[in-house]
Amino acid sequence: MDTTRVQKLNTRTDSPDGKCVLYVMSRDQRVADNHALIAAQQKAIEHALPLAVIFCLQPKSGNRSREHFEWMLEGLREVETQLSALSIPFLMLIGDAKTTLPGLIHHTNTLAVYFDMNPLRGPRKLQKKIAEEAPYDVFVVDTHNVVPIWTVSEKQEYAARTIRTKLSKLLPQYISEPQKIQSHPHHWPGSVKSIKTLQPMIDALLEDIPSNGQTFSFKSGEVSAHDALHLFISKRLSGYAQARNDPHDDGQSGLSPYLHFGQLSRLRATLEVEYAAAQDTSLRADADVFLEELNVRSSLSDNYCYYNSHYDSLLGAPDWAQKTLAKHADDVREFDYTLKQLEDAQTHDPAWNAAQTQLVRTGKMHGYMRMYWAKKVLEWTKSPEDAHRILIRLNDFYSLDGGDPNGYVGILWSIAGLHDRPWFERPVYGTIRYMNYNGLKRKFLIDQYEKLFSE
Ligand SMILES: Cc1cc2nc3c(=O)[nH]c(=O)nc-3n(C[C@H](O)[C@H](O)[C@H](O)COP(=O)(O)OP(=O)(O)OC[C@H]3O[C@@H](n4cnc5c(N)ncnc54)[C@H](O)[C@@H]3O)c2cc1C
């Protein structure tokens, strides 16, 4: 395996009496195409030790709804089954990972711990704490991005064009089939509580998590993720470049929930799309547009969150954007909606209401409408700070792919100029790029989209 994917988080050497190797699965909830699991298994085999996969379930963290937790758990049950077939136990720890995880690591006398890379604050803090206290090796592996985030760039990138140049040089050497996980030769000695056994405890905890009432049309899990990828390639890759931007057309891949929970790797999606385009050259242009979104745009989001700790605040916006928003902070707002009015899709704008209804009903808003939706919240709330807070709340609570670097960046791009440039000055927005309803009418059959999601 390419060692540039792996970073060591502490300076200790292997403790000689370590009895096992652990992989703490978090952002990449899959067995296939998972370099963190591959690295952990290699280490375990090298030292003739058992290997276990740990998952820390923390239902009280973040802004996620009960339905999103349930969707994730469905995928984790599949991970547990697949790992069991490979003689690798899956151990779920319930509660605050800052206490449950060190306890388990200590109890199992670990030789090395592997984490998957997540650029967000919570997971990084946990990894740092474990690494600082550990008398064993702690590693983090970027198996979410095709090119590891630290290899693409050592600093926050300015815009898509700057990261694209760097990525395009590196991508060819990283687009290769990863190794397969083998049946683990060294038996795990301890007892393991299955998710099924823990279910009553999980149910009790989930009862305290607010529900958003969603049911999803897409099934959770690695198998469904691969099915969704193949369906996209066979039915919608052709024409994607054009169709993806039309909210009325179902032209996007629909893969973001699978990518967000790591049930599908970006590398697998890249490989399969490349194979398809190699077989049918008429797909090349559409494949390139899809791969730009999948790799350039997403890496830009990860890059931003990795290098800017203000990723979920307006303080993370570029200076020019912070200044222009401050200059227009007292501008009169034509509409001033509350969170409740917005949440209930009770605005004067039928396209906005349709987008919000699509989000609440299906757990996924169309990508083009997400930009319009966010910009209008800036226009129709008391302050940019209110708009930002409301957008994060609605996005993370209702969007199945929410709580993701792509979401934090998408929101800051829409309302605070991130990775963008100043445009013409106007009320409330200042020089932040503006969108209006007439633009939607000009570009699409927006009334058809509205009909799809009217009451
Ligand atoms: C206000 C706002 C909020 C957003 N919130 C989220 C979010 O919570 N989670 C999320 O994953 N994406 C978010 N996005 C980015 C983008 O809209 C979604 O990734 C995309 O619509 C997901 O649908 P898809 O997988 O069908 O997209 P496709 O068009 O099929 O794209 C394939 C993949 O490419 C990546 N991608 C596509 N567009 C972008 C983009 N603009 N930025 C970064 N990566 C991209 C995603 O991984 C996506 O799954 C947001 C964008 C905005 C403007």
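## Helices α12 and α18

Let's start with helix α12 (residues 284-307), which packs against α18 at an angle of about 90°, with the axes 8 Å apart. Here helices are DSSP runs of H or I with at least four residues, and strands are E runs of at least two, numbered from the N terminus. Axes are lines fitted to C-alpha atoms, for helices over the stretch in contact, and angles run from 0 to 180 degrees between N-to-C directions. So α12 and α18 are roughly perpendicular (that word covers 65 to 115 degrees).

On the α12 side, Arg297, Ser298, Ser301, Asp302, Tyr304 and Cys305 meet Pro405, Asn406, Val409 and Leu412 of α18, where contact means heavy atoms within 4.5 Å.

## Where this comes from

The model is predicted, so local features need pLDDT of at least 70 and side-chain atom pairs pLDDT 80 or more, while totals for chains, interfaces and linings use all residues. Residues count from 1 along each chain as its sequence is written, and side-chain values use heavy atoms, leaving out hydrogens and water.

## Helices α17 and α18

Helix α18 (residues 405-416) also packs with α17 (residues 384-398), at about 145° and with axes 10 Å apart. Among the α17 residues in this contact are Pro384, His388 and Leu391, and the α18 ones include Tyr408 and Ile411.

## The sheet

Six strands form an open sheet in the order β1-β6-β5-β2-β3-β4, with mixed pairing (a pair needs at least two DSSP bridges). From one strand to the next, the twist averages 25°. β1 pairs with β6 (residues 137-141) in the antiparallel sense over three bridges, and Val6 sits opposite Val141 in β6.

Notes:
Angles under 35 degrees count as roughly parallel, over 145 as roughly antiparallel, 65 to 115 as roughly perpendicular and the rest as oblique.
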